[in-house]
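Morning, everyone. I'll keep this brief. Please have a look at the model on the screen.

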Amino acid sequence: MIAALVLLVILLTWASPYFLTTGNFVNIGSNIAVIGIVATGSTLVMLGGGIDISIGSTVAVAGIAAGKVLSGGGPWVLAVGAALAVGAIAGLVNGLLVTVFNINPLIATLGTLSVFRGMAFILAGGVPQSAANATFLEIGLGQVLGIPTPVYLMAIIVALAWVALNKTTVGRNIYALGGNADAARLAGIRLDRYRLGLYLASGLLSGVAAVVLTAKLGSAQPLAADGLELDAIAACVLGGIALTGGIGTIGGTLLGVVILGIVNNGLAILSVDSFYQYLARGGVLLVAVALDQYNAKRRDKAAAATIRRREKAGSKEQTVGR
C-alpha cells in the first residue's frame, strides 16, 4: 500500500502542478478528517468481526441534532453534546440488534441506515439547519499552526484507538473476538458485551464526525454524509483490515484513508466529471475487496502449509521414537 501511495503521489505531481503544494495538502488533511474519524470506528467493529454500514446516516441524524440546537439559539457545547448523544444512541441500537436480537450485522445496520436517514429528514423537516455559531464553526474550519483543527481531532482519536488495540487487554480481546469467536468464548471473553461496546464506540465516533462535518459546512443537512460508510469500509479494507475480522491495524486504516483522500483530491483537481468520480470510487472499493480476498487466500495457504509441516515433523518424531 505504501508503494501504491508513492506511485499515486508521483502521478498526480506529474499531472498537476497544484497537487504538491502546501495549500492542497492542508485541503487534503481537512477533507480526510471526517473519513478518518468514522473509519476508526469501522476498524474497531470490523476487527471484532462485525460491520456497520449505517455510519453515513448516523452522521446525518447526529448533525441534524446539533443543527437543531444551534438554530434554536442553544450554546455550542449543547450542540456538540446532542450530536455525541445521538451518535451513541444510534450505535447502541445497532449493538442491541446484533447482540440481543441476534440479527446479522450487515442486515441490522442496513435497516438502521434507512431508519436513521429517515429520522434525519423528519427532524429537519426536509430542510438544512443553520449552524451559524462562531465557536462551533471553529471546530471544522479553524487552524492551529497552519493545520486544520479536524486533523488534530482525527490524530487524537486514531492515537487513542492505537493505544486501546495494542496496549490493553480490551484490544487483545477485540482481536480474539474477530479471529475466533468460539475460542474467545471458551477463554471467558464476554462476546456480546464487547460487540455492544464496539458498535457504541462506532456510533459515538460518528457523532464526532457529525460535529466536524456540520461545522465545516456551516449547516446540518439531512442528505449529508451520503455514501460515507462505503468510503470508511474501503479505507479499512485498503489498509488491511480483514472483512472476516481479527486481522489488521489502525495504522493500516489511516494509510487507507490517506490513499482514498488523495484519490478524491486528484479527481477533483484534474476536474474529472462527477459521474466518473463515482466510477473511480466504486473501482477503489472493488479493488479493496479483491485485495482482502487475495490476502485471505494467502493466509489460508500459509496456515495449511504450517499444519502440513507440523504433521510431518510429528511423524518423524514418532518414527525416531520407535
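I'll take a helix pair, a surface patch and a salt bridge in turn.

This is a predicted model, so local features need pLDDT of at least 70 and side-chain atom pairs 80 or more, while totals for chains, interfaces and linings use all residues. Residues are numbered from 1 along each chain as its sequence is written, and side-chain values use heavy atoms, without hydrogens and water.

First, the helices. These are DSSP runs of H or I, at least four residues, numbered from the N terminus; strands are E, at least two. The axes of α6 (134–141) and α10 (191–217) come within 7 Å. They cross at roughly 105°. That makes α6 roughly perpendicular to α10 (65 to 115 degrees). Axes are lines fitted to C-alpha atoms over the stretch in contact, with angles from 0 to 180 degrees between N-to-C directions. Contact means heavy atoms within 4.5 Å. On α6, Phe136, Leu137, Ile139, Gly140 and Leu141 take part. On α10, the contact residues are Val211, Val212, Thr214, Ala215 and Lys216.

Next, the surface. Leu92, Leu96, Val100, Phe101, Ile103, Leu106, Ile107 and Leu200 make a nonpolar patch of about 680 Å². Patch residues have over 30% relative accessible area and no salt bridge, with nonpolar side chains (Val, Leu, Ile, Met, Phe, Trp, Tyr) joined within 5 Å and like charges within 9 Å. Areas use Shrake-Rupley with a 1.4 Å probe. Ile107 sits in α5.

Last, salt bridges: Lys or Arg side-chain nitrogen within 4 Å of an Asp or Glu carboxyl oxygen. The structure holds three. Arg117 pairs with Asp226, closest N and O atoms 4.0 Å apart.

Terms used:
Angles under 35 degrees count as roughly parallel, over 145 as roughly antiparallel, 65 to 115 as roughly perpendicular and the rest as oblique.
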